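Here are my notes for your first look at this model. Keep the viewer open and check each point as you read.

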Amino acid sequence: MKTINGKLIATKLNSNLKSKVSYLKKKHKIQPKLVVILVGKNPASEVYVRNKSIKAAEVGIKSVIKRLDAKITEEEILKLISIYNQDNEIDGILVQLPIPMHIRSEKVIDSISFEKDVDGFNSKNIGLLALGRPHVIPCTPLGCLKLLQEELNLSGKDVIIIGRSNIVGKPLSLLLTSENATVTLAHSKTKNLKNLCRNKDVIIAATGIPKMVKKDWVNNKSIIIDVGINQILDNNKNKILVGDVDFASVFSKVKAITPVPGGVGPMTIHCLLQNTFDLALKRRNIKEV
C-alpha cells in the first residue's frame with residue numbers, strides 16, 4: 001500500500017508551469033490573468049479562493065478576486081461577466097460555487113465565454129469533452145486523471161466513479177472513457193454498490209458522504225482516488241477533515257490511495273492554473289511554450 005501524495009505531485013507540476021509562465025512573459029510579454037468572482041461570504045469559499053490566489057502568485061499568474069455582495073442580482077452578475085468576456089487582458093474567469101440561491105448557477109456559468117471558462121463547466125465545454133475534443137477540462141476531473149496517470153496505464157482498466165455531479169462524476173466519466181478505461185458511473189442510490197466496487201482496478205469516491213467506502217469494498221489491486229472533503233467531529237469533539245473513504249481501515253489493504261487533505265485538492269488548484277495558462281495560449285494562437 002502507498003499514499004499518493006497529491007501535494008508533492010502538484011508542487012512538481014507547478015514548478016514546471018512556473019518555468020513556462022516565465023518564458024511566456026519573456027518571449028511574448030504576456031502574463032496570464034485569472035479573475036475569480038466570489039459572491040457572498042461563504043467561509044469555505046474564502047479559503048479555496050485564497051489558496052488559489054496564493055498558488056497563482058507562486059507560478060507567476062496574475063489573479064484578481066472580485067468580491068460581490070450576496071444580494072447582487074442575477075442581471076448584475078451577468079453584466080459583469082459580459083465585461084470580463086470582452087476584456088482582452090483576462091484569460092480565465094471562474095465563479096466560485098456555491099452562489100446564493102436567487103442566482104441561477106447554470107445561467108451564470110453558461111454566460112462565461114467558453115474560451116475563458118477556466119473551470120470547464122460551461123455547457124459548450126462539457127459538450128466538447130463528451131465528443132472527445134475538449135477545449136478545457138474541468139479542474140478536479142483533470143487532477144484525478146493526472147494522479148491516476150502517475151500510478152497506471154488506464155487503457156482497459158475497470159473504473160468505478162461513485163458520484164454523478166456535473167462538477168466531478170459526469171465529466172470524469174467522459175474523461176476516463178477517452179483514456180480507454182471501462183467506466184461505471186455509480187452513486188449513493190446504486191444497488192449492490194459494495195459488490196460493484198470489490199473487483200475494480202480504480203475506485204473514485206465523490207459523494208460527499210464521510211467514510212462511505214469501507215475495507216470490505218476494496219481489493220489489494222485497488223487504486224483509490226478520494227475526492228471527498230468533509231468536516232466532522234472526532235472522538236474528542238474536535239473538527240477534522242475526512243474523505244469519502246474510510247482511510248484508516250482501507251489503507252493496509254489497497255494498492256494506493258490519496259489522503260484527505262493532501263490528495264486531490266492540490267491537484268485541482270494546479271489544474272486551474274494550468275487551464276489558465278493553456279487558455280492564454282489558445283486565445284492568442286500560441287502553439288507551444
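This is a predicted model: local features need pLDDT of at least 70, side-chain atom pairs count only at pLDDT 80 or more; totals for chains, interfaces and linings use all residues.

1. A disulfide is a covalent bond between the sulfur atoms of two cysteines. Start with Cys197, which is in no disulfide. The nearest cysteine sulfur belongs to Cys144, and it is 15 Å away. Cys197 is also buried, with a relative accessible area of 0%.

2. **Cys271 and Cys139.** Now look at Cys271. Its closest cysteine sulfur is in Cys139, at 6.4 Å. The cut-off for a disulfide is 2.5 Å between the sulfur atoms. The sulfur of Cys271 is therefore too far from that of Cys139 for a bond. Is Cys271 buried or exposed? Cys271 counts as buried, because its relative accessibility is 0%.

3. **Helix 10.** This helix covers residues 264–283, 20 residues in total. From its first C-alpha to its last it reaches 28 Å. That is close to the 28 Å expected at 1.5 Å a residue. Helix 10 is mostly covered, with 15 of its 20 residues buried. After the helix comes Asn285, and its phi is positive, near 55 degrees.

4. **The cavity.** One cavity of 30 Å³ or more turns up in the count. The volume of the largest cavity is about 50 Å³. Which residues line the largest cavity? They are Ile93, Leu94, Val95, Leu97, Ile109, Ile112, Asp117, Asp119 and Phe121. Strand 3, residues 92–95, gives the largest share of this lining, three residues. By type, the lining has seven nonpolar residues, no polar ones and two charged ones.

5. **The second largest pocket.** This pocket holds about 310 Å³ of space. Its lining has 13 residues. Nearest the centre of the pocket lie Glu106, Ile109, Phe121, Ile126 and Asn166.

6. Which helix gives the most to the lining of the second largest pocket? Helix 4 does, with four residues. Helix 4 (105–111), helix 5 (123–130) and helix 7 (169–178) each supply at least two. The lining of the second largest pocket divides into seven nonpolar, three polar and three charged residues.

Key
Residues are numbered from 1 along each chain as its sequence is written. Side-chain values use heavy atoms; hydrogens and water are left out. On a 1 Å grid over the protein atoms alone, a cavity is a set of points where a 1.4 Å probe fits but cannot get out, and a pocket is an open set with protein on both sides within 12 Å along at least five of seven lines; lining residues have an atom within 4 Å of a point. Grid points are joined across faces, edges and corners, and a volume is the space filled by probe spheres set on the points. Ala, Val, Leu, Ile, Met, Phe, Trp, Tyr, Cys and Pro count as nonpolar, Asp, Glu, Lys and Arg as charged, and the others, Gly among them, as polar. Buried means under 20% relative accessible area, exposed over 50%, partly exposed in between (1.4 Å probe, protein chains only). The expected span of a helix is 1.5 Å times one less than its number of residues.
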